[in-house]
Amino acid sequence: MASLRTHVAKRSPLDPWEQAHASMALPVVAAGIAAALLGAAAPLGAESQRSVAFALGPAVMLVTLHARTAAYLHDDGLAATLALPIAAARRFAAAQRRHLAGLAWQAAWGAFAFALAGTDGPTRMVLVLDWLALVLLCALVEPLGAAASAWMGRRVPSESIAGQLQRSLGGGWTLPEAVVHLWAPAIALSLAAALAMPQQLAIDRWADAQVVASSHLVACLLAIAIAVALRLVAPVIYARGFFDAVPWLRQATRTLAGPPTPQQAPRWIAAIRDPALRLVLLQHQRLTPVPMLRLAMLVGTAALLAFKSAVPDLAETGILAGLVALWLVPATTLQRHAETKRRLLAPLPIADARARAWACLLAPVVLAVVPVVIRIGGAT
Amino acid sequence: MTLPLRVRGVVKRYGSRVILGGVQLDVGPGELVVLRGPNGTGKSTLIGCVTGQVVPDEGTIAIAGHDLRGAPLEARRQLRALAQEVEIPPGVTGREWLGFCADVYGATSLATAGDPQLDEVIDHLATTYSVGLRRRLAFLGLCLGTPKLFVLDEPFAGVDQDGRRSMLDRLRGFLAAGAGMLVAAHDHELGELDTLTPKMVDVRELGLQ
């Protein structure tokens, strides 16, 4: 029994429900784009590059914010276990483990991208240190965004300031209780970026061999102290709102955050005569957010890289790899339900369509990657 | 005596559609209330409200005297909810699931399931179980600790005769110990539940519009 208890305690009860792959690809793409933009700024000099990095860091973090913080309030496991007496503090701890894992993944790719883009050793070091300062502050402050979302995601008296805020910021297109999820995490990230500034400026001054004034050091310590305080208070705020916020968020997601009738299937899918293949591709289309945009980005980027005059560099190749992942990762959702579907379809008089479906999904990848590989291979 | 379940003036709307229109419902100690009604009349919504999966627009719900919103954790400690579709997470054996439930409900885990069919596969991954066996495992997890209220949505769906008998025996024991039960069931499940002398309630008479 004791070992079983240890096993359960070590492993979050929510872990098996989570979609672990969802947040893996986006950080790679974001880092790749950041490296390309920073690389483009390199001819302007080290200082300009640092300025660009200063703005790019929070932008990269913003792009992947939802992917790494979804475990606090959005993941399916939360709803599946909502009737269980699992304390919000334990849920917060489980969510934070996933948050920090996502952040570490983002931090590693970001550091790689920034190091790649730096023109020389000292610039590389400053870019990476600035980035890591932001990562540290994000680790401390981002949980506050989830906590505020839980706190403001409850039903509050409509005449209260919180109630008025809920209504006024939503524009009436979704539940007032769900509106906070649109802005609170981003505000928390902005706060993290603001609190990281003293650290980043100190790093820059140190790198430029300038004296860091004692008042500046005090500002750095004060910023860290504020961030630590926010981190300590976040689980308390989260606990007060969690049990109400999750059902409201689910209700908003299921009912009002979009019409129950999905978009018409594209004509090319409707034209497929093989019903099993049509089903897989239709599911992929519906379960993948902005599928055509992903496809267009993949094929468009590949075309750009294949036909531009210079041979694609490492950052550009990284972007392409990330876009391939962005296109393919949603298929893992289908893969997870493959066994259920196999049982469902087994008695039907149709052939297994898995191989053909994978061929269809991989075709654009082959189309995009092969010319770039040939291009790089030809140059070497 | 504290009621296992006390529902007062529960209103739930989805957009402009009123699903529950001021539901009042008590489930007393040792009482089994069976919710009946055609599909789409709000049985699942009411069950969702009682299990905390849905937040009502108005009204209060108290489980064993604990307000579900005011004291969410205390209320949930008294509650055992079996959903219509049992979700045992992948990668967990039957024994580990029971250990998890024991941990969550602050109880001692069972050395054996006390169910020959389950005991045989208790160390197998729960995802390899049949639908009925998964449901029995989930139900067994709910029997740990000292529950005050069971909320069961179609409890016998997919469960064979032996399994139903075993579940009924356990339910009978909990009723005798003073637990209350709220069950959503269709007509074909009423035969078994009749042996527990239930109180039949049509959801449409609970303030539905």
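Predicted model: local features only at pLDDT ≥ 70, side-chain atom pairs only at ≥ 80, totals over all residues.
Student: How many helices and strands does chain A have?
Tutor: Start with the make-up of chain A. Chain A runs to 380 residues, and buried residues make up 46% of them. Among its contacts with a separation of 6 or more, 79% join residues 24 or more positions apart. The count for chain A is 17 helices and 0 strands.

Student: Which residues does A:Pro364 touch, not counting residues up to four places away in sequence?
Tutor: A:Pro364 sits in helix 17 of chain A, residues 354–379. Its C-alpha atom is 7.6 Å from that of A:Leu295, although 69 residues separate the two along the chain. Leaving out residues up to four places away in sequence, A:Pro364 touches A:Leu295, A:Leu298 and A:Trp327.

Student: Is A:Pro364 buried or exposed?
Tutor: The cut-off for buried is under 20% relative accessible area. A:Pro364 has 13% relative accessibility, so A:Pro364 counts as buried.

Student: What kind of aromatic pair do A:Trp109 and A:Phe112 form?
Tutor: The structure holds 11 aromatic pairs over all chains. In this one, the ring centres of A:Trp109 and A:Phe112 are 6.0 Å apart, with 80° between the planes. Planes over 60 degrees apart count as edge-to-face. The pair A:Trp109 and A:Phe112 is therefore edge-to-face.

Student: Why is the pair A:Phe242 and A:Phe243 edge-to-face?
Tutor: Two values describe a pair of rings: the distance of the centres and the angle of the planes. For A:Phe242 and A:Phe243 the centres are 5.1 Å apart. Their planes stand at 80°, so the pair is edge-to-face.

Student: What area is buried between chain A and chain B?
Tutor: The contact draws 25 residues from chain A and 34 residues from chain B. Carbon and sulfur atoms give 60% of the buried area. That area is about 2,700 Å².

Student: How many salt bridges are there between chain A and chain B?
Tutor: Take one example: the side chains of A:Arg155 and B:Asp57 meet at 3.2 Å, N to O. A salt bridge needs the nitrogen within 4 Å of the carboxyl oxygen, so this pair qualifies. Between chain A and chain B, the count is 3 salt bridges.

Student: Which helix of chain A gives the most to the side that touches chain B?
Tutor: Across the interface, 5 residue pairs are in polar contact, both residues at pLDDT 80 or more. Helix 1 (2–10), helix 5 (76–80) and helix 10 (214–256) of chain A each supply at least two residues of the side that touches chain B. With 6 residues, the one that gives the most is helix 10.

Student: How do the residues on the side of chain A that touches chain B divide into nonpolar, polar and charged?
Tutor: Helix 10 of chain A supplies 6 residues of this side. The side of chain A that touches chain B divides into 17 nonpolar, 3 polar and 5 charged.

Notes: Residues numbered from 1 in each chain as written. Chains lettered and ligands numbered in written order. Heavy atoms only, no water. Contact = heavy atoms within 4.5 Å. Buried area = accessible area lost by both parts, 1.4 Å probe. Polar contact = N/O pair within 3.5 Å; in protein donor to acceptor, adjacent residues only side chain to side chain. Helix = DSSP H or I, 4+ residues; strand = E, 2+ residues; numbered from the N terminus. Nonpolar A, V, L, I, M, F, W, Y, C, P; charged D, E, K, R; others polar. Phe/Tyr/Trp six-rings, centres within 6.5 Å; stacked < 30°, edge-to-face > 60°. Buried < 20%, exposed > 50% of the residue type's maximum accessible area, 1.4 Å probe, protein only.
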